Amino acid sequence: MTRAPRINALPAPHRERLMALSREVVFEPEHRLFDERRPADRFWVVRTGAVNLDSQVPGSPRPAVIEMLGHGELVGLSWMFPPYEWELGAVAMSLVRASEFDAAVVRALCETDTAFGYALTQWVGQILSHRLQATRVRLLDMYAPHGSGVL
């Protein structure tokens, strides 16, 4: 399966405009970026390192890993959609260097610059679609009688 669209999939003028809003951050291994059901007030694009998306499992002491994200990938989708609460959690798996964005600032720019907003929404939608498809394939591999297979 192919990787989700990375930051370079965003058209250059819009990518440059978005990156101008970022600040560089560093997360140590095992640092939790966010937890489920908490306010989604920021998001990140990974420069180096790896971040696991995870989900709490009732009765289990540890969250289940959903996906690992790396260079150029978007960490966080819930910031774009009301009620702006994280659907998953995220934890740094190694030293992570990332570009961090204030979600409210980016959403406001999306409203005032509709071309930027459209491009960003298309990019996030492609990522969301890819992640849903990847989850579907993993579920089929785990629970279908013959796995997902490749047609």
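**Aromatic pairs and a buried aspartate**

A: In this predicted model, Asp 113 is buried, with a relative accessible area of 18%.

Q: Why does a relative accessible area of 18% count as buried for Asp 113?

A: Buried means under 20% relative accessible area, and Asp 113 has 18%, so Asp 113 is counted as buried.

Q: Stepping back, how many helices and strands does the protein chain have?

A: The protein chain has three helices and eight strands. Along the sequence, their pattern reads α-β-β-β-β-β-β-β-β-α-α.

Q: What share of the residues counts as buried?

A: Of the 151 residues of the protein chain, 40% count as buried.

Q: Now the aromatics: how many aromatic pairs does the structure hold?

A: The structure holds six aromatic pairs. One of them joins Phe 34 and Trp 44, whose ring centres are 5.8 Å apart.

Q: Why is the pair of Phe 34 and Trp 44 called stacked?

A: The planes of the two rings, Phe 34 and Trp 44, stand at 10°, so the pair is stacked; the cut-off for stacking is under 30 degrees.

Q: Which strands hold Phe 34 and Trp 44?

A: Phe 34 lies in strand β2 (residues 32-34) and Trp 44 in strand β3 (residues 42-48). The two residues are ten apart, and the pair links distant parts of the chain.

Q: Are Phe 34 and Trp 44 buried or exposed?

A: Both Phe 34 and Trp 44 are buried.

Q: What about Phe 43 and Trp 79, how do their rings sit?

A: Phe 43 and Trp 79 form a stacked aromatic pair, with 4.0 Å from centre to centre and 15° between the planes. Phe 43 belongs to strand β3, while Trp 79 is in the loop between β6 (74-75) and β7 (89-92), so this pair ties together parts that are 36 residues apart in sequence. Phe 43 and Trp 79 are each buried.

Q: Which residues do ring pairs link into a cluster?

A: The cluster consists of Phe 27, Phe 34, Trp 44 and Trp 86, linked by ring pairs.

Q: One more ring: what lies over the face of Tyr 84?

A: Arg 107 lies over the face of Tyr 84, at 3.8 Å from the ring centre.

Methods: Residues numbered from 1 in each chain as written. Predicted model: local features only at pLDDT ≥ 70, side-chain atom pairs only at ≥ 80, totals over all residues. Heavy atoms only, no water. Phe/Tyr/Trp six-rings, centres within 6.5 Å; stacked < 30°, edge-to-face > 60°. Helix = DSSP H or I, 4+ residues; strand = E, 2+ residues; numbered from the N terminus. Buried < 20%, exposed > 50% of the residue type's maximum accessible area, 1.4 Å probe, protein only. Lys NZ or Arg CZ within 6 Å of the ring centre and 35° of its normal.
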